Amino acid sequence: MNYWLFKSEPNDYSIEDLARDGEAIWDGVRNYQARNFLRQMEEGDLAFFYHSNIKPPGIVGLAKVARSGEIDPTQFDPNSKYFDPKATPESPRWQTVAIAFVEKFPHPLELSVLKARFSTDELLLVRRGNRLSVMPVGEKVAEEILEIFRG
DNA sequence: GCCAACGTTGGC
DNA sequence: GCCAACGTTGGC
């Protein structure tokens, strides 16, 4: 089982939205490094849900990978801002996963706290200038984060 | 509003 | 294939 982190702007899609929907196809990722992480995900993997572009940014909840190997439907939709003219149903370019809501944490775990606690080697998220919207989280760090809430 | 980081585009 | 220009992300 692996741990991941998903960034989302809450104005766009928040942990509350995921709680309401129960499940969501994580569409719109158009970065190859992030896509490769999405391809590596397996059903049952846990994912921290992170709110970006908000004050303060931070981890706000937990989700899990409900299905892997989903085809991102927005790549075929000419009306979508994620439309990719080079993608065809016969050879799609963008795969993703469906995630399911697990829990909203009782309080956000702010980026400033994460930076104080974890080095850039331990947690990619805290690396300056990191723009990946989907990234792996090491098991040790993941368990420490869960421990904060389950102590 | 600023700007660091970095991915993408396009001319050559 | 190189690389400058440009655009986007996202923290501060």
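Analyst: In what follows, Ala, Val, Leu, Ile, Met, Phe, Trp, Tyr, Cys and Pro count as nonpolar, Asp, Glu, Lys and Arg as charged, and the others, Gly among them, as polar. This is a predicted model, in which local features need pLDDT of at least 70, side-chain atom pairs count only at pLDDT 80 or more, and totals for chains, interfaces and linings use all residues. Residues are numbered from 1 along each chain as its sequence is written, chains are lettered from A and ligands numbered from 1 in the order in which they are written, and side-chain values use heavy atoms, without hydrogens and water.

User: How is the lining of the largest pocket divided by class?
Analyst: A pocket is an open set of points on a 1 Å grid over the protein atoms alone, where a 1.4 Å probe fits and protein lies on both sides within 12 Å along at least five of seven lines; lining residues have an atom within 4 Å of a point. The largest pocket has 20 lining residues, with Lys7, Asp12, Gly28, Tyr82 and Ser133 nearest its centre. By class, its lining has 7 nonpolar, 6 polar and 7 charged residues.

User: Which strands each supply at least two residues of that lining?
Analyst: Strands are DSSP runs of E with at least two residues, helices are runs of H or I with at least four, and both are numbered from the N terminus. Over residues 2-147 the chain is 34% strand and 22% helix. The strands that each give at least two residues to the lining of the largest pocket are β1 (3-8) and β2 (23-25).

User: What is the volume of the second largest pocket?
Analyst: Its lining includes Lys7, Tyr50, Ser52, Leu111 and Lys115, and by class that lining has 4 nonpolar, 3 polar and 4 charged residues. A volume is the space filled by probe spheres set on the grid points, which are joined across faces, edges and corners. For the largest pocket this space is about 630 Å³. For the second largest pocket the volume is about 150 Å³.

User: Which residues surround DNA strand C?
Analyst: A residue is near a strand if one of its heavy atoms lies within 4 Å of it. Of the atoms of DNA strand C within 4 Å of the protein, 75% belong to sugar or phosphate and the rest to bases. The surface near DNA strand C has 3 nonpolar, 2 polar and 3 charged residues. These surrounding residues are Lys7, Tyr50, Ser52, Asn53, Pro57, Leu111, Lys115 and Arg131.

User: How far is a phosphate oxygen of DNA strand C from a polar backbone atom of Asn53?
Analyst: A polar contact is a pair of N or O atoms within 3.5 Å. Phosphate oxygens of DNA strand C lie 3.2 Å from a side-chain N or O atom of Lys7 and 2.8 Å from one of Tyr50. For the polar backbone atom of Asn53, the distance to a phosphate oxygen is 2.9 Å.

User: What is the value of phi at Asn53?
Analyst: Most residues other than glycine have a negative phi, and most peptide bonds are trans. Asn53 is in the loop between β3 (46-51) and β4 (58-71), where Pro56 is also found. A cis peptide bond joins Lys55 and Pro56, with omega about -10°. Asn53 is not a glycine, yet its phi is positive, at about 55°.

Note on methods:
Polar contact = N/O pair within 3.5 Å; in protein donor to acceptor, adjacent residues only side chain to side chain.
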